[in-house]
Amino acid sequence: MPELPEVETIRRYLDKDLSGKTIKKIDVLVKKQFIGNPKTLEGKKITDVIRFGKVLSLKFSDSLYLSIHLKLTGQLLVNKKSLAAKTTHIIIYFTDKTVLYFNDLRKFGWMKVASTPEKPKGIDILSKSFTQIFFTDLTGSTDKPIKLLLMDQDKLAGVGNIYANDALFLAKIHPLRKTRSLRPLEIKNLYSAVKKVIASGLKFQGASDNSYVLPDASTGRYQNHFQVYGRENKPCLICKTPIKRIKHHGRSSFFCPHCQK
Ligand SMILES: [Zn+2]
């Protein structure tokens, strides 16, 4: 699933490419993926492209928003139909002939027209509210495994499986550690590690290990810089111990059994 660095990379691209453009028509080919009336947006001009956690929103003049969640396999492509083919489910035509394609193999993603943007409850990692104090308070509030807390969009918005695994490796913390058992220094290190992996993901324009691509169909490069994610049986980047993978709450957790306690 695209996480904060992937969605933010798309946001920056769309902001540059679509801001100022006016929608001519929207074709919804898979009805369940579009909430609201697409005709509402005909003739409306995009004034900004914003993001809260993993949710993008196109902002229009007169307080209208088209929020977009890519979920597992959603892609947004500008003027690149050929790549999309059979998985294109929504097509947005602009008056200047630009076309935005929404492709989604698994069909869990959605677009929604509303007078407010969709926002997850959690604090966005790139927002000013994500402070060391906030993070320390948050870790004191629960006893669930730390990895689940990092991925809880009602608490922290933007971190998914890739960046949670890699942040825990950098902080040398086992993914199943009970959150309340973390010592102050570990919390401090984890806070820095979360910021570091998100910054690294952004620097490499996200991880294209799965369906994620940029709107020009190019790929991100963070998959070449994974710390532990997707590296089962490969040597730990620090101590060479083979990386382990375990299933936890339906997701894969990757960790070094030597470095992470
Ligand atoms: Zn190691």
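**Exercise 1. The zinc site**

Which spacing do the donors of the zinc ion follow along the chain? Name the donors and classify the geometry of the site.

Solution. The model is predicted: local features need pLDDT of at least 70, side-chain atom pairs count only at pLDDT 80 or more, and totals for chains, interfaces and linings use all residues. Residues are numbered from 1 along each chain as its sequence is written, and side-chain values use heavy atoms, with hydrogens and water left out.

Step 1. Donors are N, O and S atoms within 2.8 Å of the metal (3.2 Å for Na, K and Ca); water is not among the atoms, so sites may look incomplete. The protein donors here are the SG atoms of Cys 236, Cys 239, Cys 256 and Cys 259, at 2.3 to 2.4 Å from the zinc ion.

Step 2. Along the chain, these donors follow the spacing C-x2-C-x16-C-x2-C. Cys 239 lies in the loop between H6 and strand S12 (244–248), and Cys 256 in the segment after strand S13 (251–255), so the pair ties together parts that are 17 residues apart in sequence. Helices (H or I, at least four residues) and strands (E, at least two) are DSSP runs, numbered from the N terminus.

Step 3. Four donors count as tetrahedral if all angles lie between 85 and 135 degrees. The angles among the 4 donor atoms are 103 to 112 degrees, and the site is tetrahedral.

**Exercise 2. H5 against H6**

Describe how helix H5 (residues 161–170) packs on H6.

Solution. Step 1. Axes are lines fitted to C-alpha atoms, for helices over the stretch in contact, and angles run from 0 to 180 degrees between N-to-C directions. The axes of H5 and H6 come within 8 Å and cross at roughly 130 degrees.

Step 2. That makes H5 oblique to H6. Angles under 35 degrees count as roughly parallel, over 145 as roughly antiparallel, 65 to 115 as roughly perpendicular and the rest as oblique.

Step 3. Contact means heavy atoms within 4.5 Å. On the H5 side, Tyr 163, Asp 166, Ala 167, Leu 168 and Leu 170 make the contact. Among their partners in H6 are Leu 190, Val 194 and Gly 201.

**Exercise 3. H1 and H3 against H6**

What angle does each of these helices make with H6?

Solution. Step 1. Helix H1 (residues 4–18) packs on H6 at about 40 degrees, with the axes 8 Å apart. H1 and H6 are therefore oblique to each other.

Step 2. Helix H3 (residues 132–139) and helix H6 (residues 184–203) pack at about 125 degrees, with their axes 10 Å apart. This pair is therefore oblique.

Step 3. In H3, Gln 132, Phe 135, Thr 136 and Thr 139 meet Ile 187, Lys 188, Leu 190 and Tyr 191 of H6.

Technical notes. Four donors count as tetrahedral if all angles lie between 85 and 135 degrees; four count as square planar and six as octahedral if opposite donors are over 155 degrees apart and all others between 65 and 115; anything else is irregular.
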